[in-house]
Amino acid sequence: KMNKTILSKPVTFTFLLISFFAISCNRNDVFFEYKTVWPEGWNKDSALVYTVNITDTVAKYDIYINTRNRGEYPHQNLWLFISKWNPDSTLSKDSIDFYLADQRGKWLGSGIGQAFEMPVLYLENVSFPQAGNYVFSLKHGMRDSLLVGLNDVGLRIEKKE
């Protein structure tokens, strides 16, 4: 019968809700990409690489690292080593340490069940001096040779207003 509304179908409603959320959360992103961590774990020697094309060298940007982890992630924090190549091939290196859980083991960020997402502000109010491709490479800096419990690691660059 045609008298059923589209919202009566749970799958359709969920899809619409997720679509609305994704559109409304677009902010001023100039780049947002997740890289999937290998199911068996993230090897200490493996890098997640993101290529970002920057065209506006006058604007200021905020750079975020986003993680998606499972409940079995064995640590409270995550160390990342970040390498950035500018369009002229100059290299800069940095590191960041951030918490995914509080002192009691409660996961930070948002999540449902055993999946949690955590955005972390990495750099604020930065500019990119050259137009072109910037390449970001992320490696984990944890003591584990094979880091388990992470699903995805993302890089998001947002233009400031």
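**Figure 1. Phenylalanine 128 is buried, at 2% relative accessibility.** Buried here stands for under 20% relative accessible area, exposed for over 50%, and partly exposed for whatever falls in between, with a 1.4 Å probe and protein chains only. This is a predicted model, so local features need pLDDT of at least 70 and side-chain atom pairs count only at pLDDT 80 or more, while totals for chains, interfaces and linings use all residues. Residues are numbered from 1 along each chain as its sequence is written, and side-chain values use heavy atoms, leaving out hydrogens and water. The whole structure holds 5 aromatic pairs (rings of Phe, Tyr and Trp, the last by its six-membered ring, with centres within 6.5 Å; planes under 30 degrees apart are stacked, over 60 edge-to-face, the rest tilted). Phenylalanine 128 pairs with tyrosine 61: the ring centres are 5.2 Å apart and the planes sit at 65°, so this one is edge-to-face. The partners come from distant parts of the chain, with tyrosine 61 in strand β4 (residues 61–70) and phenylalanine 128 in the loop between β8 (115–126) and β9 (132–140), 67 residues apart. Tyrosine 61 is buried too, with a relative accessible area of 2%.

**Figure 2. Aspartate 29 and arginine 156 meet in a salt bridge.** The term covers a side-chain nitrogen of Lys or Arg within 4 Å of a carboxyl oxygen of Asp or Glu. In this pair the closest N and O atoms are 3.4 Å apart. Aspartate 29 belongs to strand β1 (residues 29–36) and arginine 156 to strand β11 (residues 150–159), so the bridge ties together parts 127 residues apart in sequence. Both residues are buried. Glu158 joins in as well, linked with Asp29 and Arg156 in a network of salt bridges. Arginine 156 has another neighbour to look at: its charged end sits over the ring of phenylalanine 32, 5.7 Å from the centre (the cut-offs are NZ of Lys or CZ of Arg within 6 Å of the ring centre and within 35 degrees of the ring normal).

Figure 3. How accessible is lysine 35? It counts as partly exposed, at 24% relative accessible area. Glutamate 33 is partly exposed as well, at 26%.

**Figure 4. Arginine 70 bridges to glutamate 72.** The closest N and O atoms of this salt bridge are 2.5 Å apart. Arginine 70 is partly exposed at 22% relative accessibility, and glutamate 72 is partly exposed at 47%. Across the whole structure, a search turns up 8 salt bridges.

**Figure 5. Stepping back, the chain has 1 helix and 11 strands.** Helices (H or I, at least four residues) and strands (E, at least two) are DSSP runs, numbered from the N terminus. Along the sequence, the pattern reads α-β-β-β-β-β-β-β-β-β-β-β. Of the 161 residues, 33% count as buried. Among contacts (heavy atoms within 4.5 Å) between residues at least 6 apart in sequence, 77% join residues at least 24 apart. The chain exposes about 10000 Å², with carbon and sulfur atoms supplying 56% of it; areas come from the Shrake-Rupley method with a 1.4 Å probe, and for residues only the protein chains shown count as cover.
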